[in-house]
Protein chains: 2
Amino acid sequence: MEANGLTENEKIRAMVMIYGQQYTISGTETTEHMQQVAAIVDKKMREIHSVNPNLNTSALAVLTAVNTIHEYIKLQEKYETLEEEFKQLKD
Amino acid sequence: MEANGLTENEKIRAMVMIYGQQYTISGTETTEHMQQVAAIVDKKMREIHSVNPNLNTSALAVLTAVNTIHEYIKLQEKYETLEEEFKQLKD
C-alpha cells in the first residue's frame, strides 16, 4: 500500500476519512482493507487526543506512527522468537 | 510506550526529533529504543515527502501512520500463519 496520490493504473485507489480529513490512498489491497487501516489510524489519533487534548493533528498523527512502529518492532521480535522455536522443533 | 507528555514517575521520558519537530515520548523502554522508533518515523515521513512534495506535515504523518498500520496487519497475519504451522507441528 502506498500513501500517494499518483497511482499507477493497476492500483486500487480509495478515498478515506481520517480525523476529519480526506485522503487518497492506493495499493494492491482491497478497498475494505484500506478502509479498515484508515479506521484504525483514526481511532488511534482520537485515543491520543483524549489523553492530550492540546496536541494538533500533525502531532497526533506523528505520535500514532510512533506507537505503531513501536508495536511493529515488538511483534517482529515475537515473530523472530517463534520462528526460532519453529526451526528447532523441525530439526 | 505512550505518546503523551504527562508521564508517570517510573517511566522514561525521551525528547526526540521527528521531521524537524521535537516530541516528548515516554515508556518503559530504553531511550535508545525510543530514539530508534523516532528515527524510523522520521525516515518514513521523508520518504513519502520525496514522492509527494506537496503534502503538508500533517498529511505526511497521517500517511506514515496508514502505511505502518498496513505493515503491522501484514506482519500479524504472517505471525498467525506461523503460529498455526507451529501448533500443527507440535501436535
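This is a predicted model: local features need pLDDT of at least 70, side-chain atom pairs count only at pLDDT 80 or more; totals for chains, interfaces and linings use all residues.
Residues are numbered from 1 along each chain as its sequence is written, and chains are lettered from A in the order in which they are written. Local features need pLDDT of at least 70, side-chain atom pairs count only at pLDDT 80 or more, and side-chain values use heavy atoms, with hydrogens and water left out.

Helices (DSSP runs of H or I, at least four residues) and strands (runs of E, at least two) are numbered from the N terminus.

A nonpolar core is a set of buried Ala, Val, Leu, Ile, Met, Phe, Trp, Tyr and Cys residues joined through side-chain atoms within 4.5 Å. The largest one has 41 residues, and Ile18(A), Ile18(B) and Met45(B) have the most contacts inside it. Apart from this core lies another, of 10 residues, including Leu75(A) and Phe86(B).

The whole structure holds 2 aromatic pairs over all chains. Rings of Phe, Tyr and Trp (its six-membered ring) pair if their centres lie within 6.5 Å, and planes under 30 degrees apart count as stacked, over 60 as edge-to-face and the rest as tilted.

| Pair | Centre to centre | Angle between planes |
|---|---|---|
| Tyr79(A) and Tyr79(B), tilted | 6.4 Å | 55° |
| Phe86(A) and Phe86(B), tilted | 6.3 Å | 50° |

The tyrosine pair crosses between chains, from helix α2 of chain A to helix α2 of chain B. Phe86(A) and Phe86(B) are both buried.

Terms used:
Buried means under 20% relative accessible area, exposed over 50%, partly exposed in between (1.4 Å probe, protein chains only).
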